Amino acid sequence: MSSITDPVKGIGAARNWVLSKFRTYAANSGGRMEVFLQNRELQPDGKRIKRITNLGNPVALLKGTDPLDKRIFIISAHLDSRASDVMDAKIAAPGANDDGSGVAAVIESARILSISRFPTSVLFVAFSGEEQGLLGAQMMADKAVAEKWQIEALLNNDMIGNNSFDAPENSGVPKLRVFSEGLSAYETDKSAAGIRGLGLENDGDARQLARYIKETGEKYVNDIDIKLIYRNDRFLRGGDHTPFVNHGITAVRLTDYYENYDHQHQDVRSEGGKKFGDLIEFMDFGYLQTNTAVNIAVLANLAKAPSKPENVFMDVKELTNTTKLTWQRPASGKVKGYYVLIRETDSPVWTQKIFIKETSATLLFSKDNFLFAVQSVSESGNVSLPVIPKVSR
């Protein structure tokens, strides 16, 4: 890896190029997009940081139009790449898919959404230091917690551009994985008894975001099968959403369905007639375009929607075969009503929606057999993330 001051190669040139793209799009935002570099000096850690290193995240913040709406939605990817030896800072490591594809999605999302006017804010970031231990993401997650950012959701894109080279023949519609944790590790010990008692092991905030991505992405984007993967990340592996998850922030990872390890974390070389390395020739740009469109559709819908309904409760004072839910209006945004979501306990996605204008509903469904949630609905039909009811005795 070259010095951060090298103007043409290395992490410094890369992050400056991303900043330049953000600044170009900021010119179209009517002054609402702020572009900056979040950075700090890292000291050697005896592991993957050998010397004092400047860690920098290129950031663009598209500010919301409602000064009272403090919500932030984030799309992220990571700017750095690596070869076979993670400590080799000099060898070329193209990183076309891991994670040039994710950064491309972040940049294109910034370009398209920069001209939009949302009541809430959208933040675009290309993290540095992912391969060295999620360092850039940890820096931003810590800052967000210290400054009390109201992050509603984070979509982390890491390897979303390789399908046609790795999918088996006749594999059908291209697939995109969304990884989400079931229960937040953040303060789970304090809430575990309640989660077990209500049977909500599969209904943490990240799972609600993943379901939202599947429903919204497949509604607005053709030829994509969004697969809900019930773990925080690939088996025993991690990504830049994890530092946010560890702080209790709702975050998921979007990634290719088929991984090719010959084109991931490999020195560029040829052996036995096989080419290794994360090269642009192995990219599937149609697939990347589709996955970028999924991100844009989800971000736009979330940013246009009211905030989530407040104080959602289920009345359990009496034993009945009906279910009564009550809630209060969201803290921000205009609503035309609410969706009550219903699914059987073994269903991975919400299967029924009932539109209600009031702030209560009595449903002819037994709480023994079904799970419920409530969404706010804007005047234009955009919906918030769902809220699982608490119990009211």
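Q: How much of the chain counts as buried?
A: Of its 393 residues, 52% count as buried. Buried is under 20% relative accessible area, exposed is over 50%, and partly exposed lies in between (1.4 Å probe, protein chains only).

Q: What sort of model is this?
A: A predicted one: local features need pLDDT of at least 70, side-chain atom pairs count only at pLDDT 80 or more, and totals for chains, interfaces and linings use all residues. Residues are numbered from 1 along each chain as its sequence is written, and side-chain values use heavy atoms, with hydrogens and water left out.

Q: How many helices and strands are there?
A: The chain has seven helices and 17 strands. These are DSSP runs numbered from the N terminus (helices: H or I, at least four residues; strands: E, at least two).

Q: Switching to E259. Where does it lie?
A: E259 is in the loop between β8 (251–256) and β9 (269–271).

Q: Buried or exposed?
A: E259 counts as buried because its relative accessibility is 17%.

Q: Which residues does E259 touch?
A: Leaving out residues up to four places away in sequence, E259 touches M159, R177, R234, R237 and Q264. Contact here means heavy atoms within 4.5 Å.

Q: Which side chain makes a polar contact of 3.1 Å with E259?
A: That of R177. The side chain of E259 also makes a polar contact with the side chain of Q264, at 2.7 Å. A polar contact is a pair of N or O atoms within 3.5 Å; within protein, one must be able to donate a hydrogen and the other to accept it, and residues adjacent in sequence count only if both atoms are side-chain atoms.

Q: Backbone next. Which residues does a cis peptide bond join?
A: D98 and D99, with omega about 10°. D99 sits in the loop between β3 (71–78) and α2 (100–113).

Q: What is phi of L236?
A: Near 60°, a positive value in a residue other than glycine. L236 is in the loop between β7 (225–229) and α6 (242–246), and is exposed, with a relative accessible area of 78%.

Q: And where is N311 found?
A: In strand β11 (residues 310–315). Phi of N311 is near 50°, positive although the residue is not glycine. N311 is partly exposed, at 42% relative accessible area.
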